[in-house]
Amino acid sequence: MKHKATSALLFVAGLTLAACSPPAANSTPTQPPLTIEETDGSELSRLRLSASAVARLGIETVAVGVKNVGGVSRSVIPYAALIYDAEGSTWAYTNPEGLVYTRAEVTVERIDGEDAILTDGPAAGTFVVTVGGAELWGAEHGVGGGH
């Protein structure tokens, strides 16, 4: 966990420094590495990353699957997609479009090997982040003074 927190801190610090650097004299304007968009009626934000920020983070996603558990269909995501906050709530970052990432609360019924069996969360087929979620959390919450 300490490694993930350090990675998040370094990522946010890098985004902050990259955003503050003046452009080269003959360069063209570029998209900022990260923009945070507030969503109406929600405490959750939309994180829009540049393609180069996604590449630097090595973000990977996978679609939410479905598993029959005792005759009941349940959503399944990789255990690696889970993020726990300080209050014990469980989250996963979704990738609803292109370079946009949003945090979604999930309710875990149980962990089955590498799978998290959910009773509530993103719908089947929704893409969730399996690598880079801790860095997205850090960016969203301002770890390292990023916002």
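This is a predicted model: local features need pLDDT of at least 70, side-chain atom pairs count only at pLDDT 80 or more; totals for chains, interfaces and linings use all residues.
Helices and strands here are DSSP runs, numbered from the N terminus, with at least two residues needed for a strand.

**Isoleucine 111**

Strand E9 spans residues 107-112, and isoleucine 111 lies in this strand. Its relative accessibility is 38%, so isoleucine 111 counts as partly exposed.

**Glycine 121**

Moving along, glycine 121 sits in the loop that links strand E10 (115-120) and strand E11 (127-131). Leaving aside residues up to four places away in sequence, glycine 121 touches Glu105 and Val106. Alanine 92 is 29 residues from glycine 121 along the chain, and their C-alpha atoms are separated by 8.5 Å. Glycine 121 is partly exposed because its relative accessible area is 35%.

**Glutamate 140**

Helix H3 covers residues 133-141 and includes glutamate 140. Is this glutamate 140 buried or exposed? Buried means under 20% relative accessible area, and glutamate 140 has 7% relative accessibility, so it counts as buried. The side chain of glutamate 140 also has a partner: a polar contact of 2.5 Å joins it to the side chain of tyrosine 93.

| Residue | Relative accessibility | Class |
|---|---|---|
| Isoleucine 111 | 38% | partly exposed |
| Glycine 121 | 35% | partly exposed |
| Glutamate 140 | 7% | buried |

Key. Residues are numbered from 1 along each chain as its sequence is written. Side-chain values use heavy atoms; hydrogens and water are left out. Helices (H or I, at least four residues) and strands (E, at least two) are DSSP runs, numbered from the N terminus. Buried means under 20% relative accessible area, exposed over 50%, partly exposed in between (1.4 Å probe, protein chains only). A polar contact is a pair of N or O atoms within 3.5 Å; within protein, one must be able to donate a hydrogen and the other to accept it, and residues adjacent in sequence count only if both atoms are side-chain atoms. Contact means heavy atoms within 4.5 Å.
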